[in-house]
Amino acid sequence: MEIPITQLKGGEKGELKRIDGGISFRRKISSLNIRPGKMVRKVTSQPLRGPVVIEVDGRRLTIGRGMAMKIFVEVNR
Amino acid sequence: MGNQNVGKSAMFFRLTGINVTVSNYPGTTVEFKEGRLNLGDETAEIIDVPGTYTIEPTSKAEEVAAKMLKEGDIVINVVDATNLERNLYLTLQLLERNVPVIVALNLWDEAHHKGIDINLRELEKELGVPVVPTVAVTGEGIKTLVSRIKEAKAHKKRHNEKERWARIGRIIKNSESIKHRKETLLERIEDTTVKPLTGVPIAIFVAFLMFYMIRIIGEGLITNVFDPIFEAYKPLVISLGNAIGPGTLHYILIGNMIGGQIDYVQSMGLLTTGLYVPIAMVLPYIFAFYLILGVLEDSGYLPRLATLIDTVMHRLGMHGLSIIPMLLGIGCNVPGALSTRILETKRQRFIAATLMAIAIPCMAQIAMIIGLVGRHGIAGLGIVFGVLFLVWLFLGLILNRIMKGGSPEIFMEIPPYRIPYWGSLLKKLWMRMKGFVAHAVPYVLLGVILINMLYFSGLITLAGKVTAPLVVNVLGLPEDAVGALIMGFLRKDVATGMLLPLGLSLKQLIIASVVLAMYFPCIATFVVLFRELGLRDMAKSTGIMIIMALFVGGLLNILL
């Protein structure tokens, strides 16, 4: 099942499938080595539509909710 | 050049010996810095470029980085050894630019602790340029790096994005091996401090602990170190005073005798108040604040705080990273105003700068407020800082409503926790203290002279008469308080001290402290804000400050 990372549960992992949005956003994400095939773990999300914290290759990143909704991962549920 | 948080500024500092502040949060270098490096008989100009992940710019800092690249003859590419795969992306891009590159494989010690083993020979062969392992904070490997700069090489094979990642995959496979090992305690608490349920209570505890420690250290230094020094210094001043005899010189150097005695806060002489206020009342708190702030910065806690507070900051028209100008502003509004540069949009920078300048008193002023209002107990202090916090909150909500546009979303890497390295922590503390003494003491002395001249010439009395409708009727302060308000343009700490001889009631002290904090930035902050915001926005910002100060002061006068 393919879902945006905002829908991952805290601590849940998924394999990154695609990144939507404009070229500059996609480039920004991929230059951080967050690319299709990578395992993404959602660390947590802040309440009231706050930002999402994800972990890729042991590095944590805080991203706004809007951006996080454009990053899709595959999960086995 | 290199990614964010890989130690570029520390490396720059090691290479040039210039004073650069290194902190464990993104965006320390928003504007580039220049320095010189001695290479035997030649000197080379070195530029500290902002952190970037790609030379196809995706943000303002990266734009600066891309521009700087065009001007460089050689690139020292600082690479995070603990995160080779991602860092090599920039390295490959640099190699394609036909500019000579040398790679500094930094955080070498951390990689070792993490069980990461990198085959240097193999990596050098793969990249075709020199690779030198370094630990920038301690200086390890820097000599080798400098001696090998001549070997920097250029290539020019072009790749597209896919090819680059494929090549990185091969390089990693051939040169890196990772041993599995147990998680350290620091790694285990990483998640706990960003999860809202645990992170928010921890953040509140950290904030509380921070201010408690500042107070304990500050007060401890005053009672145990600085007050005894100034007591010992008193006979010297008295005998000097006797030697000069009464007159203008005595008035300027020693000041008024209060009840036949020298009173360090009230006398207003150059050698009494002019030295005592900045050194014995303010400096101890500055020291305490920057010590604690340094630990917070270097440990990597601040990006976590920025994450937790992001939601709140969005309601105020900013985002989580705006916590940085606010925190730096507590030390001194000048670096606070400068650090608004890390925010992306003009709107965000305007709101952050205005809120900081109006509602965040600097540590010098806080120290004086504690000294003055704190004499009457903790309740008065609570009102002063509570009111300022409410001003910050409501003004932010209002500005967010009435200003066009929205705030961009936060996008920030959270660096791993690091145990602060004492050498660089103390160096940073020393630089900040030096900065304070160099800037504050002359201003304080100048202010003391100026205020004496204004009193002498009767201009203060005149100003008191002219502003009486506002100062007396609206704010409920005596006419003489205008002297403190004038001084406040120069130094708010001395200005707050000038309230003492006026014999104000607690209510008046509270109003005067709040108004002094809000009504206008001190001259040093004003200059920086003017440069950062431009004439129009600066005029708007100061207009808001004056109106809000009168409004809040007047309201307090009615309510208290």
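Biologist: Is the crossing of α15(B) and α23(B) left-handed or right-handed?

Modeller: Let us begin with the idea. A crossing is called left-handed if the near helix is turned anticlockwise from the far one by less than a right angle, and right-handed if it is turned clockwise. The crossing of α15(B) and α23(B) is right-handed. The model before us is a predicted one, in which local features need pLDDT of at least 70, side-chain atom pairs count only at pLDDT 80 or more, and totals for chains, interfaces and linings use all residues. Residues are numbered from 1 along each chain as its sequence is written, while chains are lettered from A and ligands numbered from 1 in the order in which they are written.

Biologist: At roughly what angle do the axes of α15 and α23 of chain B cross?

Modeller: Axes are lines fitted to C-alpha atoms, for helices over the stretch in contact, and angles run from 0 to 180 degrees between N-to-C directions. Helices (H or I, at least four residues) and strands (E, at least two) are DSSP runs, numbered from the N terminus. Here α15 (residues 346–359) and α23 (residues 523–559) of chain B cross at roughly 60 degrees, and their axes come within 9 Å.

Biologist: Which residues in α15(B) meet α23(B)?

Modeller: Two residues are in contact if their C-beta atoms, placed from the backbone, lie within 7 Å. R349(B), F350(B), A353(B), T354(B), A357(B) and I358(B) provide the α15(B) side, and among their partners in α23(B) are L529(B), L533(B), I544(B) and M548(B).

Biologist: How far may the prediction be trusted? What pLDDT does chain B average?

Modeller: pLDDT is the predictor's confidence in each residue, from 0 to 100. Chain B averages 88, and 96% of its residues score at least 70. The model as a whole scores ipTM 0.93 and pTM 0.88.

Biologist: Let us turn to the sheets. In what order do the seven strands form an open sheet?

Modeller: Two strands pair if DSSP finds at least two bridges between them. The order is β1(A)-β6(A)-β2(A)-β3(A)-β4(A)-β5(A)-β10(B), with antiparallel pairing. Neighbouring strands are turned by 40 degrees against each other on average, direction ignored. In general, the side chains of a regular strand alternate between the two faces of the sheet.

Biologist: How many bridges join β5 of chain A to β10(B)?

Modeller: Four bridges join β5 (residues 59–63) of chain A to β10(B). R60(A) has I414(B) as its bridge partner, and T62(A) stands opposite M412(B). Helix α12 (residues 302–315) of chain B packs on this sheet, touching β4 (52–56) and β5 of chain A and also β10 of chain B; its direction makes about 140 degrees with that of β10(B).

Biologist: How many residues does the contact take from chain B and from chain A?

Modeller: The contact takes 25 residues from chain B and 25 residues from chain A. On the side of chain B, α3 (84–95), α7 (161–175), α8 (185–192), α12 and β10 each supply at least two residues. That side divides into ten nonpolar, five polar and ten charged residues.

Biologist: In what order do the elements of chain A run from the N terminus on?

Modeller: The elements run β-β-α-β-β-β-α-β, giving two helices and six strands. Within the sheet, β2 (residues 13–19) and β3 (residues 39–45) of chain A are joined by three bridges, and E15(A) has M39(A) as its partner. β2(A) also pairs with β6 (residues 71–74) of chain A, over four bridges, where L16(A) stands opposite V73(A).

Biologist: Which strands of chain B form an open sheet with parallel pairing?

Modeller: Those strands are β3-β4-β6 of chain B, in that order. β3 (75–80) and β6 (131–133) are the edge strands. Six bridges join β3(B) to β4 (residues 101–106) of chain B, and V78(B) stands opposite A104(B).

Notes
Ala, Val, Leu, Ile, Met, Phe, Trp, Tyr, Cys and Pro count as nonpolar, Asp, Glu, Lys and Arg as charged, and the others, Gly among them, as polar.
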